[in-house]
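I set out what I looked up, entry by entry.

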Amino acid sequence: FQVAARIDDAKGTKEHTQRFLAYLREVEDGDLTLGIAMTDAKGDRSKRPHEQGNADTYVHIVERNAQGIVISGTKAIVTSAPYVHELLIMPCRNMTEDDADFAVCCAVPVDAPGITIIARPAGRPGEKSALFSNKYGQSTAVVMFEKVFVPWERVFYAEEWEHSAFLTYNYATHHRHTCIGARAGFGDLLIGAGALMCEANGFDPGSETHLREQMVELIKITEGFFACGVAASVYAAEDPHSKSFMPDPVYSNIGKLLLATQIYDMQRIAHYVSGGLIVALPGPDEDHNPATAAKLADVLRANPDVPYDKRIETARFLEDLTASYQGGWYSLISLHGGGSPAAMKQEIYRNYPIGNKVELVERLLARGLTTEPDRAIGRNKQPGKCCAQGCTVPGAPIMVDMPKAAKRIKKVA
Ligand SMILES: Cc1cc2nc3c(=O)[nH]c(=O)nc-3n(C[C@H](O)[C@H](O)[C@H](O)COP(=O)(O)OP(=O)(O)OC[C@H]3O[C@@H](n4cnc5c(N)ncnc54)[C@H](O)[C@@H]3O)c2cc1C
């Protein structure tokens, strides 16, 4: 929607916005679910789309006619592709003029002729010990497009390469904002299960110092990146083209960066407080072995108030989330889902108002304001973040002019 409005503003038209809104209405009226087909197979990462030996490593336009466009290529990682109604195809990077064929954003039904979906299962279906992921999970798929026809009413842009960066970076900010909520929910599960394991092992983590320290670390990590998500919402700003709201890009990207790197610490802490049993326990098939079940329940009970079956249930739950192949999946979706850490770092630096901070220090040092437009560290200034001008957040600090040096001396005297 934002990029459709931006293209219309640039061209002095209305058709892109109208087309997108008509599609949005169709999605809402039909209660359709969409899969996001953004990440291309990408081929050789050091080369741009038009430089690839095989053009099908990126989805691209192979034909345009009066009825619509025809696309081919590969999207490599599409969550829930086998069980959504439609795929929303977007470019995964900024494009140059030479990449124009690869700059395409459109929607197609999953069963459109020419689409092949090669998927892996959602979670760990049918596995008895997978106490979370035999119920909850997400399938990911490679989606191959071979001469798929898309009518114009479902093409949101085609070959407008100069708008690709805007789409990719803005979509990524929205997506990273939502990743924060998803992983904070995962943190809630580890906090709850970690406390249950401590209790089952015979400890109150509140009074056992080293366990409390670990639990506090887990809470700090989870609520720390969640707070970035809240801040990104509070500091959301209106997109000048579409008038829809954008979460703050700095807080969204910092939150996603924190969870991407700290997911491994979260899993380590869950292991620390639980003990090795979570990966060493006999599997569910042994639960009803008449030769050993009763004895196991007796000797592997720790806290007398917590029955053995409850202790192993929590242990298996934690194994599923942190030490199974699904546990590894959670690490990877946190690290790379929504973009790899390098992408977040780029966005943080690109959007952060370093120029304002430079100005602040130079003002305190009485150097006067620097206005050279080409000065690298002075370029990025963001009115509204450090002054009242344009700010919508109540209670935001206001920068006032420093008193003049001469007056200050007079007052002291
Ligand atoms: C579980 C899961 C679900 C996902 N769901 C979806 C989805 O629904 N839809 C969707 O579109 N995508 C989805 N993604 C894809 C996700 O956005 C990508 O994994 C992410 O953007 C990284 O791309 P990649 O996996 O191809 O890794 P790569 O791009 O191969 O990155 C590997 C490493 O190389 C570096 N690198 C890559 N290119 C360059 C370069 N040009 N210069 C310097 N360094 C570079 C990266 O920073 C990274 O460190 C999902 C990913 C996961 C793990």
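How do the residues of the shell around the ligand divide into nonpolar, polar and charged? I found 8 nonpolar, 8 polar and 2 charged residues. Ala, Val, Leu, Ile, Met, Phe, Trp, Tyr, Cys and Pro count as nonpolar, Asp, Glu, Lys and Arg as charged, and the others, Gly among them, as polar.

Entry on the model. I note that this is a predicted model, in which local features need pLDDT of at least 70 and side-chain atom pairs count only at pLDDT 80 or more, while totals for chains, interfaces and linings use all residues. Residues are numbered from 1 along each chain as its sequence is written, and side-chain values use heavy atoms, with hydrogens and water left out.

Entry on the ligand. I listed 18 residues that surround the ligand, the closest being Ile36, Thr39, Lys42, Arg45 and Thr79; a residue is taken as near if one of its heavy atoms lies within 4 Å. I then looked up polar contacts (pairs of N or O atoms within 3.5 Å; within protein, one must be able to donate a hydrogen and the other to accept it, and residues adjacent in sequence count only if both atoms are side-chain atoms). A polar side-chain atom of Thr39 lies 2.7 Å from a ligand nitrogen. Ligand oxygen atoms lie 2.9 Å from a side-chain N or O atom of Lys42 and 2.8 Å from a polar side-chain atom of Arg45. The protein covers 63% of the 960 Å² of accessible area that the ligand has on its own (Shrake-Rupley method, 1.4 Å probe; for residues, only the protein chains shown count as cover).

Entry on the shell. Strand 3 (68–79) and helix 9 (325–336) are the elements that give two or more residues to the shell, and helix 9 gives the most, with 4. Helices (H or I, at least four residues) and strands (E, at least two) are DSSP runs, numbered from the N terminus. Why does the ligand lie between domain 1 and domain 2? I place the ligand between them because domain 1 (33–159) and domain 2 (167–347) both give residues to its shell. The domain bounds come from an automatic or database assignment.

Entry on a loop. I found Gln52 in the loop between strand 1 and strand 2. Is Gln52 buried or exposed? Gln52 is buried, with a relative accessible area of 10% (buried is under 20%, exposed over 50%, partly exposed in between; 1.4 Å probe, protein chains only). The Gln52 side chain reaches the backbone oxygen of Asp44 at 2.8 Å.
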